[in-house]
Amino acid sequence: MVLAMTSLVFANTKSEVERLFQTASSGEIRFAKLVQPSKDSLAAMKDSAAKYLVSKLTTTDAREAQTLTEIYRGIGKAGTPYLIAALATDNKYQLRTASRCLAEVKDSTAVDALLKAATNSDYTVRSEALAAVGKSGGGASTATRLEPFFSDSIFSVRKSCVYGLGRLKSPASLDLLIIALADPHFGVRLTAYDALVSFDSLAREKVSALLDTVKVAPVTGLAIRLAGQLRIHQVEPMLASYLADSNPLLRGWAVWSWGRLRGRDAAAQLDELQERESDLFVKSMLTDTRAYIDTLTSHE
């Protein structure tokens with residue numbers, strides 16, 4: 001009798017999870033008002049929902065995959081054991097969706113399994129797994145294990161690696177992030193830029209040294225912009241020289257950073273530059289920076 005009742009409870013729970021998921025992932029207008037409440041109900045079920053929803057991870061439907069990600073975010077770490085188990089597969093759809101879910105759960109106990117998934121032959125799986133590693137935490141020890149993946153031949157994988165390093169914020173990763181500013185793909189370069197910004201003052205010395213040694217336009221341009229965003233005042237003399245550089249890319253970003261570093265004190269000089277500038281990009285930077293300065297209070 002007890003066994004029969006237990007089986008009935010499990011069956012009812014599974015049926016309820018199935019019903020709620022169908023509504024939560026529905027794109028039909030008639031269910032629009034029920035979508036979020038259904039997601040919330042599944043998230044509130046925690047372990048009871050997590051164990052049954054793993055069977056949905058093989059989905060090839062983008063809406064269902066996104067719905068699973070949102071639900072597991074709400075379930076939290078109660079879903080980690082099931083998601084880790086789901087990574088033991090060759091199904092690339094399941095691997096990708098499980099990795100996305102773990103990225104939202106942010107549980108460092110999943111790092112080992114995610115790093116294993118990151119060796120998969122499918123680059124989309126590697127990319128999702130590495131991004132999830134970065135969001136799962138673990139600090140410097142996890143960052144050290146993430147760094148070797150920067151040598152991947154696929155830009156999206158390198159981008160996920162750089163993104164992860166930015167999330168983990170290990171000072172030991174700064175040199176690799178500086179190198180990433182010169183990556184052949186702009187997506188990796190911009191992700192490295194954002195990662196360095198997230199380090200804030202910890203990145204100033206490395207960026208300053210880069211600006212002092214590298215004279216390659218794309219990299220130098222990013223370094224110039226970083227100097228302004230990170231408020232690296234010691235490079236002001238060098239930055240001043242770029243205001244008259246023959247390369248409009250460097251000249252434009254120098255204008256942008258000069259305004260961030262000098263504030264209201266830069267206004268008169270920028271107005272003077274505006275009068276003789278002809279390049280459209282530089283002129284746009286002058287206009288943008290002048291507008292920024294005008295919003296500053298007198299003490300900034």
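**Helix packing and overall form of the predicted chain**

The cover over the buried residues of helix 9 includes helix 7 (111-117), helix 8 (123-136) and helix 10 (155-168). The model described here is a predicted one. Helix 9 itself runs over residues 139-146, and its buried residues are Thr142, Ala143 and Leu146. Viewed down the helix axis, these buried residues fall within an arc of 105°, so they line one face of helix 9. The face turned away from that buried side carries Ser141 and Thr144, both exposed. Gly139 also belongs to helix 9. Gly139 is partly exposed, at a relative accessible area of 26%. From Gly139 to Val255 the C-alpha separation is 36 Å. Along the chain these two residues are 116 residues apart.

Helix 13 can be described in the same terms. Helix 13 covers residues 204-213, and Val207, Ser208, Leu210 and Leu211 are its buried residues. Down the axis of helix 13, the buried residues fall within an arc of 160°, so they line one face of the helix. Glu205 and Thr213 are exposed and sit on the face of helix 13 turned away from the buried side. The packing partners of the buried residues are helix 11 (174-180), helix 14 (217-229) and helix 15 (236-242).

Two further residues were examined one by one. Thr23 lies in helix 1, which spans residues 2-24. Its relative accessible area is 12%. Thr23 is therefore buried, since the cut-off is under 20%. Beyond residues up to four places away in sequence, Thr23 touches Phe31, Leu34, Val35 and Ser38.

Asp47 is found in helix 3 (residues 47-53). The relative accessibility of Asp47 is 31%, and the residue counts as partly exposed. With neighbours within four places in sequence set aside, Asp47 is in contact with Ala78 and Tyr82. The C-alpha atoms of Asp47 and Ile293 are separated by 53 Å. In sequence, Asp47 and Ile293 are 246 residues apart.

At the level of the whole chain, the secondary structure consists of 18 helices and zero strands. The radius of gyration is 25 Å, whereas the globule rule gives 19 Å for 300 residues. The chain value is well over the rule, so the chain is more spread out than a compact globule. The C-alpha trace spans about 90 × 45 × 30 Å along its principal axes.

Of the 300 residues, 48% count as buried. Among contacts with a separation of 6 or more, 66% come from residues 24 or more positions apart. The accessible surface of the chain comes to about 14,700 Å². Carbon and sulfur atoms account for 55% of that surface. The chain holds 36 positive and 33 negative charges.

Terms used. Residues are numbered from 1 along each chain as its sequence is written. This is a predicted model: local features need pLDDT of at least 70, side-chain atom pairs count only at pLDDT 80 or more; totals for chains, interfaces and linings use all residues. Side-chain values use heavy atoms; hydrogens and water are left out. Helices (H or I, at least four residues) and strands (E, at least two) are DSSP runs, numbered from the N terminus. The radius of gyration is taken over C-alpha atoms; the globule rule is 2.2 Å times the number of residues to the power 0.38. Buried means under 20% relative accessible area, exposed over 50%, partly exposed in between (1.4 Å probe, protein chains only). Contact means heavy atoms within 4.5 Å. Accessible areas come from the Shrake-Rupley method with a 1.4 Å probe; for residues, only the protein chains shown count as cover. Lys and Arg count as positive and Asp and Glu as negative; His and the chain ends are not counted. The place of a charge is taken as NZ of Lys, CZ of Arg, CG of Asp or CD of Glu. The arc is that of the directions from the helix axis to the C-beta atoms.
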